[in-house]
Each structure stands twice: as structure tokens, then as C-alpha cells.
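The following report describes a single protein chain from its computed geometry.

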Amino acid sequence: LSSGGDVVSTISVSSSDYPHGLFVFTPGNRPLRVVEANRMITLTVIREFGTMGDVDVEWETINSSPSRNIADAQFDYISAFGRLSFADGEREKTLNVSITDDDAPELDESFFVKLLSATRTGGQTSNGTFPRIGSPGGTAEVIILENDGAQGVFELSVASINIPESLLSISFLSV
């Protein structure tokens with residue numbers, strides 16, 4: 001600071017309303033469309049707004065609503081529960097869920113992966129604030145796309161057929 005010169009100041013904002021973070025799935029994971037042949041899917045959880053302190057985020061897979069085709073936790077995916085541990089300053093973590101490739105003819109099916117809680121581990125909170133799970137970003141829908149002919153499979157009983165040019169029409173019987 002000088003008496004006749006310009007004054008230059010630097011302002012740094014080190015926290016926000018969520019100094020420990022707001023935890024959500026990346027928008028690309030909401031919803032996440034996958035084919036059954038993908039044996040493992042990866043979802044990304046991001047820490048927005050603040051990165052102060054160590055935080056544990058618990059998550060689990062859950063069935064979708066009855067208004068949708070519900071993926072079965074035994075036959076379509078492996079039910080899972082886990083914890084992601086974010087270190088001070090860390091912004092991103094991934095989690096994996098196993099998909100089961102069955103042969104059952106079925107339509108698209110879905111389930112959800114939900115962030116359950118965010119807990120500060122060690123140290124004090126900043127001004128009485130706590131890490132939070134975002135809404136609606138704290139839940140990711142996983143849609144398993146149909147791949148087993150749920151609408152039916154059209155097959156011909158012979159590989160080829162010869163038809164004379166003089167024939168004006170042909171009828172096929174489909175059973």
C-alpha cells in the first residue's frame with residue numbers, strides 16, 4: 001500500500017454454503033443406459049462447491065419404482081453397498097456395479113444407485129456446516145437395455161427359397 005499509488009488487493013473465497021461438499025453423480029450418469037453385455041458399469045460421484053476435509057459417502061443399489069420395468073437384483077445386476085472416502089481437496093471418485101447378462105427375453109429394465117449419506121471424518125465442521133447429498137443428483141438411474149428379443153425374434157425355417165419370375169404374388173404364413 002502506498003500513499004500515492006494504486007492499491008491492489010487479492011480476495012480469495014475458500015468456502016461456500018457447502019465447504020465440505022455437495023455430493024452428486026455426474027450428469028452423464030443420470031440416467032446411465034447400458035447393455036447387459038457390459039459386465040461392469042462405473043458411475044462417477046463428484047464433490048461440488050467445497051472440498052474441505054475428509055468425507056465418507058455411503059451408497060447402495062435399490063430397485064426402481066413399480067411403474068417401470070424393475071431390474072432384478074438377483075438376475076439383472078448384483079445388489080451392492082459401499083463407501084467412497086474423499087480426502088481433503090479431492091473432487092471425484094468412482095464406484096462399480098456388476099451387471100448380469102441373462103438370456104431372458106425382457107424389455108428395458110432399471111434400478112437406482114443412491115448416495116445415502118455424507119459424513120465428515122475427523123476434524124471439525126466449518127461454521128456448523130456438514131457435507132450433503134445433492135437432490136436430485138444424489139440418485140442415478142441405471143437402465144439396462146433389452147438385448148434378448150423381448151419383442152419377438154423373426155426367423156425363417158429355410159435359409160433360401162427359389163421363386164419363378166412368372167409368379168405374381170407370394171404368401172407367407174407366420175406362426
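## Overall description

The protein has an accessible surface of about 11400 Å², and carbon and sulfur atoms account for 50% of that surface; accessible areas come from the Shrake-Rupley method with a 1.4 Å probe, and for residues only the protein chains shown count as cover. The model is predicted: local features need pLDDT of at least 70 and side-chain atom pairs count only at pLDDT 80 or more, while totals for chains, interfaces and linings use all residues. Residues are numbered from 1 along each chain as its sequence is written, and side-chain values use heavy atoms, with hydrogens and water left out.

Nine strands and zero helices are present, where helices (H or I, at least four residues) and strands (E, at least two) are DSSP runs numbered from the N terminus. The pattern along the sequence is accordingly written β-β-β-β-β-β-β-β-β. Of the 175 residues in the protein, 33% are buried; buried means under 20% relative accessible area, exposed over 50%, and partly exposed in between (1.4 Å probe, protein chains only). Among contacts (heavy atoms within 4.5 Å) between residues at least 6 apart in sequence, 80% join residues at least 24 apart.

## The open sheet

An open sheet of four strands has the order E6-E3-E1-E8, with mixed pairing. Its edge strands are E6 (92-98) and E8 (132-133), each of which pairs on one side only. Two strands pair if DSSP finds at least two bridges between them. Strand E3 (residues 40-48) and E6 run antiparallel and are joined by seven bridges. Thr 42 stands opposite Asn 96 in E6.

Thr 42 also belongs to the surroundings of Asn 29, a residue whose contacts beyond four places in sequence are Thr 42, Leu 43, Thr 44, Ala 140 and Glu 141. Asn 29 itself lies in the loop between strand E1 (22-25) and strand E2 (32-35). It counts as buried because its relative accessibility is 7%. The Asn 29 side chain reaches the backbone nitrogen of Thr 44 at 2.6 Å.

Which strand holds Thr 61? Thr 61 is placed in strand E4 (residues 55-63). With a relative accessible area of 6%, Thr 61 is buried. Its side chain makes a polar contact of 3.5 Å with that of Ser 79; a polar contact is a pair of N or O atoms within 3.5 Å, where within protein one must be able to donate a hydrogen and the other to accept it, and residues adjacent in sequence count only if both atoms are side-chain atoms. The Thr 61 side chain also reaches the backbone nitrogen of Ala 80, at 2.9 Å. Residues up to four places away in sequence aside, Thr 61 touches Tyr 77, Ile 78, Ser 79, Ala 80, Val 97, Phe 111, Phe 112 and Val 113.

## Salt bridges

The structure holds three salt bridges, each defined as a side-chain nitrogen of Lys or Arg within 4 Å of a carboxyl oxygen of Asp or Glu.

| Salt bridge | N to O distance |
|---|---|
| Asp 56 and Arg 83 | 3.9 Å |
| Glu 58 and Arg 83 | 2.7 Å |
| Lys 93 and Glu 90 | 3.3 Å |

Asp 56, Glu 58 and Arg 83 are linked in a network of salt bridges.

## A nonpolar surface patch

Ile 161, Ile 163, Leu 167 and Ile 170 form a nonpolar patch on the surface, with about 360 Å² of accessible area together. Patches are made of residues with over 30% relative accessible area and no salt bridge; like charges are joined within 9 Å and nonpolar side chains (Val, Leu, Ile, Met, Phe, Trp, Tyr) within 5 Å. Leu 167 lies in the segment after strand E9 (139-145) and is partly exposed, with a relative accessible area of 47%.
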